[in-house]
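Subject: The two-chain model, with notes

Hi there,

Here is the model I promised to pass on. Could you have a look at it and then read my notes below?

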Amino acid sequence: MFLRLSAAVAALSILSSAALAQGAKPTDPQIAHIAYTAGVIDIAAAKQAIEKAGNKDVKTFAQDMVRDHEAVNKQALDLVKKLKVTPEDNDTSKALSKQAADKLAELAKLKGADYDKAYVANEVAYHKAVNGALETQLIPSASNAELKSLLQTGLKIFQGHQQHAEQVAAKLK
Amino acid sequence: MRPGRYLPAMAALLFGTMAVPAHAATIQITTTDLVFAPAEVSAKVGDTIEWINKDVFVHTATARNGDFDVNMPPKKTVTSVLKKAGTIEYYCRYHPNMKAVLTIVP
């Protein structure tokens with residue numbers, strides 16, 4: 001429980017502080033990069049889970065994550081192409097990727113039921129953190145209407161994943 | 001492939017359509033941006049629901065009481081016939097924040 005909370009808090013603070021530290025709200029190209037990166041991170045975590053998870057519900061959940069996040073990211077790529085926006089790497093994206101790589105390495109050391117629980121707990125925390133960032137920062141900061149709308153769809157998808165992850169976590173106990 | 005070969009298929013299509021009892025209706029329920037619309041639908045046993053998924057995501061229409069579980073592939077329409085009466089709350093298994101109600105009268 002402590003681990004789960006601390007992961008969520010860490011992810012949240014990275015998401016909100018890094019961009020705020022620049023003293024300005026993130027630009028659309030930065031927002032697009034952050035959102036895309038957030039999806040890539042969850043796909044990587046899910047691919048690890050498809051390999052490692054023992055529990056059938058956990059494996060299925062991971063497959064759902066790959067499918068949905070790939071679909072969202074495809075939409076994001078189509079949109080930036082259409083808008084002729086080049087996603088721009090930034091401190092928030094970098095911090096997210098670094099933290100995700102550490103988490104992936106940490107999860108890689110676990111096995112069996114320990115891994116399943118840790119993966120799902122992290123999925124709950126991660127989606128919660130991303131949802132918080134979407135709601136409080138990324139969506140309000142987005143200037144382009146189509147980008148804003150895609151982020152809003154993303155938020156609904158991620159909220160759905162959070163609830164789904166919570167259900168899977170409850171069954172593992 | 002002479003035209004004649006299509007006749008049985010066409011006949012089946014025609015009679016298939018005609019065989020549907022006159023009182024059975026077809027009702028459309030759409031998912032757009034993770035929302036079932038209309039959120040509340042009334043129907044009768046024997047009615048057909050056309051589940052139209054406009055999203056790029058797979059959804060399900062899953063009855064909480066287990067009466068139905070319809071898989072809705074992205075950008076596709078699937079149909080199901082209502083078999084049992086009741087006020088059914090249903091949701092999407094992949095995105096449990098998607099919820100709606102189907103009231104089915106006998």
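What follows is a short tour of what I found.

First, the ground rules. This is a predicted model, in which local features need pLDDT of at least 70 and side-chain atom pairs count only at pLDDT 80 or more, while totals for chains, interfaces and linings use all residues. Residues are numbered from 1 along each chain as its sequence is written, and chains are lettered from A and ligands numbered from 1 in the order in which they are written.

Chain A

Chain A has 6 helices and 0 strands, giving the pattern α-α-α-α-α-α along its sequence. Helices here are DSSP runs of H or I with at least four residues, strands are runs of E with at least two, and both are numbered from the N terminus. Of its 173 residues, 40% count as buried. A residue is buried if 20 or more other C-beta atoms lie within 10 Å of its own, exposed if 12 or fewer, and partly exposed in between, with C-beta atoms placed from the backbone.

How do H2(A) and H3(A) pack? Their angle is about 155 degrees and their axes are 8 Å apart (axes are lines fitted to C-alpha atoms, for helices over the stretch in contact, and angles run from 0 to 180 degrees between N-to-C directions). The two helices are therefore roughly antiparallel, a label used for angles over 145 degrees. The residues that meet include A:Ala35, A:Gly39 and A:Ile43 from H2(A), and A:Val58, A:Ala62 and A:His69 from H3(A). By class, this contact has 15 nonpolar, 4 polar and 4 charged residues. Ala, Val, Leu, Ile, Met, Phe, Trp, Tyr, Cys and Pro count as nonpolar, Asp, Glu, Lys and Arg as charged, and the others, Gly among them, as polar.

A:Asp28 is also in helix H2 of chain A, and it counts as partly exposed because it has 18 C-beta neighbours inside 10 Å. A:Asp28 and A:Ala142 are 114 residues apart in sequence, yet 5.7 Å apart in space, C-alpha to C-alpha.

The core and the contact between chains

The largest nonpolar core has 59 residues, and A:Ala35, A:Val58, A:Val120 and A:Leu138 touch the most other members. Such a core is a set of buried Ala, Val, Leu, Ile, Met, Phe, Trp, Tyr and Cys residues joined through C-beta atoms within 7 Å. Among the elements that each supply at least two residues are H2, H3 and H5 of chain A and strands E4, E8 and E9 of chain B. H5(A) gives the largest share, 12 residues.

The contact between the chains takes 13 residues from chain A and 10 residues from chain B, where two residues are in contact if their C-beta atoms, placed from the backbone, lie within 7 Å. On the chain A side, H6(A) provides the largest share, 8 residues. That side divides into 2 nonpolar, 7 polar and 4 charged residues.

Backbone details to check

- The peptide bond from B:Ala37 to B:Pro38 is cis, with omega near -10 degrees; B:Pro38 is in the loop between strands E2 and E3 of chain B.
- A:Lys84, in the loop between H3 and H4 of chain A, has a positive phi near 55 degrees and is exposed, with 6 other C-beta atoms within 10 Å.
- B:Leu34 has a positive phi of about 60 degrees although it is not a glycine, and it is buried, with 20 other C-beta atoms within 10 Å.

Best wishes

Conventions: Angles under 35 degrees count as roughly parallel, over 145 as roughly antiparallel, 65 to 115 as roughly perpendicular and the rest as oblique.
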